[in-house]
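This report covers a sheet with its packed helices, and then a pocket.

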Amino acid sequence: MCSTQQKPLEIYMFVDPLCPECWALEPFIRKLHIEYGRYFRLKQVLTGSLATLNLQKHKCESISQKWDASAARSGMSCDGTLWIDQPVSSPFLASIAIKAAELQGRRAGSRFLRKVQEVLFIGKQNISDLAVLTDCAKEAGLDKVEFLNDIHSSSAAKAFQCDLKISSEMEVEEAPTLVFFNENIEEEGIKITGLYSYDIYVQILEEMLEEIPEPQSPPSLEDFLKQFRFTATKEISEVYNWTENEVEREMKKLLLQRKVRKVPVKFGSIWEYIN
């Protein structure tokens, strides 16, 4: 087993906070962390593909349709009517906010990005609003004062520019993209663009490690829900290798025990742990 200091792989995950396909990647990333997290470090890098959105009416309608199609396909709910009702005026502030959160640590940045995705895709909130982003920081357990200082600092802006530079250097033109690197800095990484089935990501890990790593078992369902609070049926299904019906059956037990509540969403199901 690898210690935390000696993880042999690093995965660069190129994401766009407004991209429904990046949201659809979440179940696979969660499962990869649980089963093989001891073999890799994950570095999230923001891409600038949506940074210059031209929000004309026909463009908003097109994004709305794309969101609904992605949700129907992936099982990770997102409601495209956001783009008709109150479109995100500028994704730039959200990107800077994510980099500001990362100044409190890599894990803090990951928790914050997840909260931003939740309020956007599940809550239909406008993530170009500073008050919404501040609430996300609080929910993610960040130091709120530090976060508000950092969001207006040159450090966060520079970090975002650095991400755009990395995207350009690695010729990343689409989100999500994962690039796998091993310890040998002379070897090129393996780049995979778009969404694939979970076994493809495991196959790349095996190829990079030159061995078949032993997957760790997932925690108990309740511990998993407690850790993440908001969880989609699709994520539970992926992590535990259950069918959607099996997930619904297990969640119904917790529902009757009043440990979770079912969040009404447009596609699939989202569960909130409330105990």
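Strands S6 (260–263) and S7 (residues 270–273) pair in the antiparallel sense over four bridges. Within this pairing, Arg261 has Glu272 of S7 as its bridge partner. The coordinates are those of a predicted model.

The open sheet to which the two strands belong has three strands in the order S5-S7-S6, with antiparallel pairing. Strand S5 (230–232) and strand S6 stand at the edges with a single partner strand each, so one side of each has no neighbour in the sheet. Neighbouring strands are turned by 30° against each other on average, direction ignored.

Two helices contact this sheet, as listed below.

| Helix | Strands touched | Angle to S5 |
|---|---|---|
| H11 (residues 233–240) | S5 and S7 | about 75° |

The largest share, nine residues, comes from H5.

The largest pocket has a volume of about 1000 Å³ and is lined by 29 residues. His33, Arg107, Ser110, Gln227 and Phe228 lie nearest its centre. By class, the lining residues divide into eight nonpolar, eight polar and 13 charged. Domain 1 (9–170) and domain 2 (221–273) each contribute at least three residues to the lining of the largest pocket.

Notes
Residues numbered from 1 in each chain as written. Predicted model: local features only at pLDDT ≥ 70, side-chain atom pairs only at ≥ 80, totals over all residues. Heavy atoms only, no water. 1 Å grid on protein atoms, 1.4 Å probe; cavity = no way out; pocket = protein on both sides within 12 Å on 5 of 7 lines; lining within 4 Å. Points joined across faces, edges and corners; volume = space filled by probe spheres on them. Nonpolar A, V, L, I, M, F, W, Y, C, P; charged D, E, K, R; others polar. Domains from an automatic or database assignment. Pairing = 2+ DSSP bridges. Axes fitted to C-alpha atoms, helices over the stretch in contact; angles between N-to-C directions. Contact = heavy atoms within 4.5 Å.
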